[in-house]
Amino acid sequence: MARGFRLIFATSLLLMLLGICNGSTIGICYGRNADDLPTPEKAVELIKNLNINSVRIYDSNIQVLKAFANTGIELMIGIPNSDLLPFSQFQTNADTWLKNNILPYYPATKITYITVGAEVTEAPTNVSAMVVPAMTNVYTALRKAGLHRKIKVSTTHSLGVLSRSYPPSAGAFNSRHAGFLKPLLEFLAEKQSPFLVNTYPYYAYRDSSSNVSLDYALFESSSEVIDPNTGLLYTNMLDAQIDSIYFALMGLNFKTIKIMVTETGWPSKGSPKETAATPENAQTYNTNLIRHVINNTGTPAKPGEELDVYIFSLFNENRKPGLDSERNWGLYYPDQTSVYNIDFSGKGTVDVNTGGNLTTVNGTSWCIASPTASEKDLRNGLDWACGSGNVDCSPIQPSQPCFQPDSLVSHASYAFNSYYQQNGATDIACSFGGTGVKTNKNPSYDNCLYMTAGSKKTTASNVTANATSSAGQREVSAPSAYCLLVIFLVLIQSL
């Protein structure tokens, strides 16, 4: 009897823990504010070919919902700000919408999230007071249909919801929004829904380039920014922005709400003064973003924490108002040709087709430290590679095969090359702030063997496994493997 109870308990525990060990995912935003886009059916085919499993749309367009049917792609749909009033006023409006717009297409179309309103604190009219009542009515409609545990309800925010974001540990919500945020956060905590935020390091750099370096915004920095309050080290702007939200939530004692990035990206073209809006920078940002997310790196405040991120956007949208950059966030032109090449697996090499300078090298190449680099820059690059870069630096430790010659250049060369090979052997993976240089001559010597892309060393930091789904492949990286090990040990103890 007792053994049977323990078995039931262990099985329940296994199912619960598996639910939190899924790993981070990369999705795409499918905006349609344009008059020259392909049909939804063609857009879905493109998304399937990219092996993308998560998509965000901004409404509940029936043609789009039908196009995603039987694809297995998880869909986040939206209720626009213009519809908040009727949804907030009467429960019957939410019930009718669900009956007519969702239930006929679910579960063939795999809807997993409903966003109620978007960045309402930035809206020209004050609609924030309608959001929580509208969310509550939508949730109630889902509960009546038995879908409240399968479809989560939330709303999206810009970073403007914060009054402070630097340093990250000082992150705090703007007191002007307290009346809106308190019931919202209570709703999210009670319903176990995520806090959805749109974060754009591009804007942080564009609007404050004297304080934010381009490399830091592009995940390319070889140095670290230290949070003076926590001592946490940041190598990119996105992590800092996300952690500022974490600390703002913790400051209000909401420690269990997870964060999801529902928009981030980089424009490939801009107005004359938007000099950072280039295909090269857009490719660099999104390539590094994908690697950062699927490696389950987490953030300095939440290392290894699952973080789902949606890249904005699938297509350039010619009807968006504002500066030129607003119409050039897409990975693809409306004719479905790529603005620049992007690899959603996070493993392949990148070949720019825009005349830029991020090209791959034919044949085998290695990345080594520049002999003319300063000691400080080499040290920063080495520390970063062996830390945040997830490189196994044990071979350059004393008594190990690559320790001699005991010099900074030699040790940095080994670490730089390991990072370079593990991240697609692209130019951007050998930058290290200008201290890395590529070579076609094998730098291996004696028993010190430098990694190549075809002979990747298996270590605790880069173990991966592939799990195939109906819509493509999803990676299980080292943190997920660690999570599965914990599950195994807990089950053994429980039995």
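**View 1. A right-handed disulfide between cysteine 367 and cysteine 430.** The torsion about the S-S bond of this pair is about 85°, so the disulfide is right-handed. It links distant parts of the chain, 63 residues apart: cysteine 367 belongs to strand 13 (residues 366–369), while cysteine 430 sits in the loop between helix 13 (408–422) and strand 14 (436–439). In this predicted model, the two sulfur atoms are 2.0 Å apart. Cysteine 367 is buried, at 0% relative accessible area, and cysteine 430 is buried too, at 3%.

**View 2. A left-handed link between cysteine 386 and cysteine 393.** Here the S to S distance is 1.9 Å, and the S-S bond has a torsion of -90°. Cysteine 386 is partly exposed, with a relative accessible area of 31%, whereas cysteine 393 is buried at 9%.

**View 3. The disulfide of cysteine 402 and cysteine 448.** With a torsion of about 105° about the S-S bond, this disulfide is right-handed. The pair joins distant parts of the chain, 46 residues apart: cysteine 402 lies in the loop between helix 12 (375–386) and helix 13, and cysteine 448 in the loop between strand 14 and strand 15 (465–469). Cysteine 402 is buried at 3% relative accessible area, and cysteine 448 is buried at 0%. The count of disulfides comes to three.

View 4. Two bridges join strand 11 (residues 259–264) to strand 12 (residues 309–311); valine 261 has valine 309 as its bridge partner in strand 12.

Definitions and conventions:
Residues are numbered from 1 along each chain as its sequence is written. This is a predicted model: local features need pLDDT of at least 70, side-chain atom pairs count only at pLDDT 80 or more; totals for chains, interfaces and linings use all residues. Side-chain values use heavy atoms; hydrogens and water are left out. Two strands pair if DSSP finds at least two bridges between them. Helices (H or I, at least four residues) and strands (E, at least two) are DSSP runs, numbered from the N terminus. A disulfide is a pair of cysteine sulfur atoms within 2.5 Å. Buried means under 20% relative accessible area, exposed over 50%, partly exposed in between (1.4 Å probe, protein chains only).
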